[in-house]
Amino acid sequence: MEVKVFNNAQEIAVACADIFTQQLTEKKNSVLGLATGASPVPTYKELIARYNDGKISFKDVKTYNLDEYCNLPRDDKNSYYTFMHENLFNSVDIKEENVHVLDGNAAEPEKEAADFDAMIDADGGIDLQLLGIGTNGHIGFNEPSDAFSDGTFKVKLTDSTIKSNSIYFDDDSMPRYALTMGINSIMKAKKIVLIATGASKAQAIKATVNGEVTPLCPASILQNHEDAVLLIDKDAASLL
Ligand code: F6R
């Protein structure tokens with residue numbers, strides 16, 4: 001696992017967009033694994049700028065998002081489906097049929113999860129997976145637990161995640177459950193890039209980089225991936 005430290009989020013966005021640009025240049029029909037949350041927003045802005053400059057295209061790209069809330073309408077302002085369209089998809093030339101965001105309202109979540117994993121496999125697996133990290137070390141919504149998860153599954157969110165993400169929701173309406181790609185789904189990606197900024201991530205980054213590989217810090221599994229890079233700012237790196 002490689003760790004690169006930058007001065008600020010904008011420098012990280014440029015470095016991360018460089019990785020995506022190289023990927024899309026080498027393979028125009030790349031399969032991308034994407035993340036939501038605050039961390040990837042500057043990277044998505046940078047990718048849109050490069051698309052507008054004619055440097056990259058998403059015409060033949062397929063995307064799979066890491067996770068989606070349960071019991072939240074797809075068109076809710078806080079759904080990850082809406083987030084991805086507002087922050088990336090509506091501004092580039094991706095085809096809607098190539099966009100895959102889990103349906104958190106599926107009547108049969110297990111089937112939705114299994115179908116999602118099967119589609120990724122049928123598309124040849126994820127070439128490049130983008131990750132953020134929770135203050136508790138989660139990746140996707142794989143919360144700290146006794147064992148690393150396998151494929152996509154329905155998860156109960158922890159109090160720490162509910163506290164972090166409640167800022168986006170009115171009163172106490174944040175969903176308590178989500179569908180998420182599992183740790184094994186994430187680890188199957190050919191290349192992984194994780195971005196983190198701010199002192200609130202420092203403890204999780206320390207456990208990820210210097211701690212033992214344990215499901216108590218799900219991101220620590222990235223130590224076992226042969227092509228994973230962490231792009232982090234000085235504050236997130238402050239305990240390394
Ligand atoms: C989002 C996701 C989460 C976030 C993490 C960090 O799709 O999978 O793991 O990456 O919660 O969120 P931010 O970037 O908002 O701090």
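Visitor: Which side chain does the side chain of Thr-161 make a polar contact with?

Guide: In this predicted model, the side chain of Thr-161 makes a polar contact with the side chain of His-138, at 3.1 Å. Thr-161 sits in helix 5, residues 159–165.

Visitor: Is Thr-161 buried or exposed?

Guide: The general idea is a cut-off: buried means under 20% relative accessible area. Thr-161 has 1% relative accessibility, so Thr-161 counts as buried. Beyond its neighbours within four places in sequence, Thr-161 is in contact with Asn-136, His-138, Phe-141, Glu-143 and Met-174.

Visitor: Which residues are closest to the ligand?

Guide: His-138 is one of them, along with Ser-39, Asp-67, Gly-140 and Lys-201, and 13 residues surround the ligand. For polar pairs, look at the distances to ligand oxygen atoms. An N or O atom in the side chain of Ser-39 is 2.5 Å from one, a polar side-chain atom of Asp-67 lies 2.6 Å from one, and Gly-140 places a backbone N or O atom 2.7 Å from one. Taken alone the ligand exposes 410 Å², and the protein buries 91% of that.

Visitor: How do I read a helix, and which residues of helix 2 are buried?

Guide: An α-helix has 3.6 residues a turn, so residues three or four places apart point the same way. In helix 2 the buried residues are Val-41, Thr-43, Tyr-44, Glu-46, Leu-47, Ile-48 and Arg-50. These pack against helix 1, strand 2, helix 3, strand 6 and strand 9. Helix 2 has twelve residues and reaches 17 Å from first C-alpha to last, close to the 16 Å expected. Gly-54, with a positive phi near 80°, follows helix 2.

Key. Residues numbered from 1 in each chain as written. Predicted model: local features only at pLDDT ≥ 70, side-chain atom pairs only at ≥ 80, totals over all residues. Heavy atoms only, no water. Helix = DSSP H or I, 4+ residues; strand = E, 2+ residues; numbered from the N terminus. Expected span 1.5 Å × (residues − 1). Buried < 20%, exposed > 50% of the residue type's maximum accessible area, 1.4 Å probe, protein only. Contact = heavy atoms within 4.5 Å. Near = heavy atom within 4 Å. Polar contact = N/O pair within 3.5 Å; in protein donor to acceptor, adjacent residues only side chain to side chain. Areas by Shrake-Rupley, 256 points an atom, 1.4 Å probe, with all protein chains shown as cover.
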